[in-house]
Amino acid sequence: QVQLVESGGGLVEPGGSLRLSCVASGDIFRIYDMAWYRQAPEKERELVAGMLYDGTPRYEDSVKGRFTISRDNAKNTGYLQMNNLKPEDTGLYYCNAHVTTTTTTQKYWGQGTQVTVSS
């Protein structure tokens, strides 16, 4: 019904920047919330940032001031601009979207994009 595809991950040195994108497609009426999670090796998946349909953002404390979440509702696309990256930001980054379709409302996950911060 709904597919999420992330892109933009890669290998970057500490202090560098990356911009992640998440494109949602399928039977979409509205995406109420788009969020980014990350999972480091041997750690639980954690919320990094999220944004409601009205543009209200939220951030995990460690990324405040460095990461910026945004979304283009017309394109069903979300973004995560990551600046001043640190080694502890390394992980698999997942897009999560709370979507209403013509038949249901539920959350969907993308397949993830790897971010590695290392010198």
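The link of C22 and C95 is left-handed, with -80° about the S-S bond. Their sulfur atoms lie 2.1 Å apart and form a disulfide, a term for a pair of cysteine sulfur atoms within 2.5 Å. C22 sits in strand β3 (residues 18-26) and C95 in strand β9, so the pair ties together parts that are 73 residues apart in sequence. Strands here are DSSP runs (E, at least two residues), numbered from the N terminus. Both C22 and C95 are buried, where buried means under 20% relative accessible area, exposed over 50%, and partly exposed in between (1.4 Å probe, protein chains only). A search of the whole structure finds one disulfide. In general, such a link is a covalent bond between the sulfur atoms of two cysteines.

The model is predicted: local features need pLDDT of at least 70, side-chain atom pairs count only at pLDDT 80 or more, and totals for chains, interfaces and linings use all residues. Residues are numbered from 1 along each chain as its sequence is written, and side-chain values use heavy atoms, with hydrogens and water left out.

Next come the charged pairs. Side chains of opposite charge can pair when their charged atoms come close. The whole-structure search finds five salt bridges. The criterion is a side-chain nitrogen of Lys or Arg within 4 Å of a carboxyl oxygen of Asp or Glu.

| Salt bridge | N to O distance |
|---|---|
| R58 and D33 | 2.8 Å |
| R38 and D89 | 2.9 Å |
| K64 and D61 | 3.0 Å |

Take R58 and D33, which meet in a salt bridge. This pair links distant parts of the chain: R58 is in strand β6 (residues 57-59) and D33 in strand β4 (residues 30-39), 25 residues apart. R58 counts as partly exposed because its relative accessibility is 31%. D33 has 11%, so it counts as buried.

R38 pairs with D89. R38 lies in strand β4, while D89 lies in the loop between β8 (77-82) and β9 (91-100), so this bridge ties together parts that are 51 residues apart in sequence. R38 and D89 are both buried.

K64 and D61 also meet through their side chains. K64 is at 48% relative accessibility and therefore counts as partly exposed. D61, at 57%, counts as exposed. Elsewhere, salt bridges that share partners join R38, E46, R66 and D89 into one network.

Methods. Helices (H or I, at least four residues) and strands (E, at least two) are DSSP runs, numbered from the N terminus.
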